[in-house]
Amino acid sequence: MLKALADYGRLMRAGTALVRHDVILPGEYQTRLPLPARMAGRVLRTFGGRAKGRPGERLASALEKLGPAYIKLGQFLATRPDVFGAETAQDLSRLKDKLEPFSMAEARRILAEEFGQEEAESLFAGLGEPVAAASLAQVHRLETSDGPKAVKILRPGVEQMIYQELRAIRRAARTVERASVESRRLEPVKFTETVATSMEKELDFRLEAGGADQMRAISEKEDWFRVPAVDWDRTAQRVLTIDWVEGIPLTRPEALEQPGLERVALANKITRGFLSHAIGHGVFHADMHEGNILILPDNEVGLVDFGLIGRIGFNERRFLAEILWGFIRRDYQRVAEVHFEAGYVPANQSVGEFAQALRSIGEPIHGKPAEDVYMGRILLQLMDYTRTFGMRLRPELVLLQKTMVQVEGVARSIDPKHDIWKAAEPIVKGWIAQNFGPAGATKLAARQAREVTDRLKRLPHVMDAFEDFLEAERARGKEPVRGTGPSFWSLASLIGMAVIAGFALAQFA
């Protein structure tokens, strides 16, 4: 009961902030609202002090004032233009979370708690003042005999604050889903859980260290990005230490004013590097805003802050590659078919009508100069059709959608004429050839053979469970194997599965 009251108190505080920023019943929508709502909106704007800016800008300002949990929520909401509209989604995607740093005394206290007083003093003897501070953590420069390091320390008390705010947000999502039938298509509870799970993982820097190390291993093979090495001896749950990267973040104008910089090549590297990681490996940096991208000498790109790592399975990678390839080739029928094959569009919808909708997205961009074509807008327009065609939220793709829009914005900030379609073509084409050409067909067959073998290994357990079910039915006085009841069909399914599996294995033998 006390937790519920505390949650509602936090939600009231959030509601007050939204009122003051004219987010609830905003003036822009007065003509679409019934009379009582229009009057209520006028009253709220009077108390709110007539906030300025577009609705998305006002919402972003309100979320920034509410703290880190709401900032992260806003960054995820930026992936849902089908709910808020394309313009608002763009405004939310620019959310920043810069704060004043906490004291050196607090930083050393946390280091002592994580490593012990004596070891902390030895390992972090050369710790300098904070050089950057965000809502979750701040970064210090550390001088060591092995060279400079970057030490990221979690903000004091932030775990408890995040958990409390997330609990309130979860309660709000459950209330909305129970009260509104229309909201269930957007799955607010599942969406909120995606946000909450992601944030909770960001509070454990050991997980971030693992993600950074994996990204470094991938980058060493493909050479798209420079990723700093993790100093495992100086890393703990609330402390992450990595090599110091001598680069300039894209948030600073001088990053693009370095001598010898090739903007076209740099923009292509960022787009192709992201797609190569996502499609080629199913792992990608999922927070590629300007503050996390450093421009290094010799046209190299450095990545930092690996608290948010996106992962997609092989099927999702295949669907992404085929969708992009279909748009590049203007094959809208195939793009539509892929959406249905992936289950992104309900089977009761028309493939032809969906292809027609996709044509309305793709055709207007062909023949236009690159600077007039924005992949972000195309993705947002595609999301606009989710309501029309009954498409449901796919939580595993939320980070991918958000990051694709981020990457395009970053590439365009470097090269305003960046053609993301031309940049994407060699990566997508190469991956499709590798995985669906002759060599790819062999790999696919081997993968399917392994899946069939794994299923066959589980078959004895399934049969044991089936026999237990039969015994339970007999104990209740039933004879389940007669007739055409569920047990008969279960047995038939098992036999059929075994026959199909055996046939499949024979094909690969």
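Author: Rings of Phe, Tyr and Trp pair if their centres lie within 6.5 Å. Planes under 30 degrees apart count as stacked, over 60 as edge-to-face and the rest as tilted. Keep in mind that this is a predicted model.

Reader: How many aromatic pairs does the structure hold?
Author: Five. Take Phe115 and Phe124. Their ring centres are 5.2 Å apart and their planes meet at 55°, so this pair is tilted. Phe115 is buried, at 12% relative accessible area. Phe124 is buried too, at 0%.

Reader: How do I describe the pair of Phe354 and Phe389?
Author: A pair of aromatic rings is described by the distance of the centres and the angle of the planes. For Phe354 and Phe389 the centres are 5.1 Å apart and the planes are at 80°, so the pair is edge-to-face. Phe354 lies in helix α15, and Phe389 in the loop between α16 and α17, so the pair ties together parts 35 residues apart in sequence. Both Phe354 and Phe389 are buried.

Reader: What sits over the ring of Trp244?
Author: The charged end of Arg141, 4.8 Å from the ring centre.

Reader: Now the fold. How many helices and strands does the chain have?
Author: There are 20 helices and nine strands. Of the 509 residues, 48% are buried. Take contacts between residues at least 6 apart in sequence: 69% of them join residues at least 24 apart. The accessible surface is about 25,400 Å², and 55% of that belongs to carbon and sulfur atoms.

Reader: Where is confidence lowest, and where is it highest?
Author: Where pLDDT is low, the predicted coordinates should not be read in detail. Here the lowest confidence is in helix α20, residues 486-508, with a mean of 44. Strand β4, residues 239-243, has the highest, at 95. The chain mean is 76, and 68% of residues reach 70 or more. Over residues 481-509 pLDDT stays under 50. The model has 27 contacts beyond four places in sequence for that stretch.

Reader: What span should helix α11 have?
Author: Helix α11 has 18 residues, 205-222. At 1.5 Å a residue, they should span 26 Å. The end C-alpha atoms are 26 Å apart, which agrees. Its buried residues include Phe205, Glu208, Met215 and Ile218. Just after α11 comes Asp223, with a positive phi of about 65°.

Reader: Which residues is Ala173 in contact with, leaving aside neighbours within four places in sequence?
Author: Pro188, Val189 and Thr192. Ala173 lies in helix α9, residues 158-179. The residue is buried, at 8% relative accessible area. Ala173 and Pro188 are 15 residues apart along the chain, with 5.5 Å between their C-alpha atoms.

Reader: Are Asn299 and Asp305 buried or partly exposed?
Author: Asn299 is buried, with a relative accessible area of 15%. Asp305 counts as partly exposed, at 28%. The cut-off for buried is under 20%.

Conventions:
Residues are numbered from 1 along each chain as its sequence is written. This is a predicted model: local features need pLDDT of at least 70, side-chain atom pairs count only at pLDDT 80 or more; totals for chains, interfaces and linings use all residues. Side-chain values use heavy atoms; hydrogens and water are left out. Rings of Phe, Tyr and Trp (its six-membered ring) pair if their centres lie within 6.5 Å; planes under 30 degrees apart count as stacked, over 60 as edge-to-face and the rest as tilted. Buried means under 20% relative accessible area, exposed over 50%, partly exposed in between (1.4 Å probe, protein chains only). Helices (H or I, at least four residues) and strands (E, at least two) are DSSP runs, numbered from the N terminus. A charge sits over a ring if NZ of Lys or CZ of Arg is within 6 Å of the ring centre and within 35 degrees of the ring normal. Contact means heavy atoms within 4.5 Å. Accessible areas come from the Shrake-Rupley method with a 1.4 Å probe; for residues, only the protein chains shown count as cover. pLDDT is the predictor's confidence in each residue, from 0 to 100. The expected span of a helix is 1.5 Å times one less than its number of residues.
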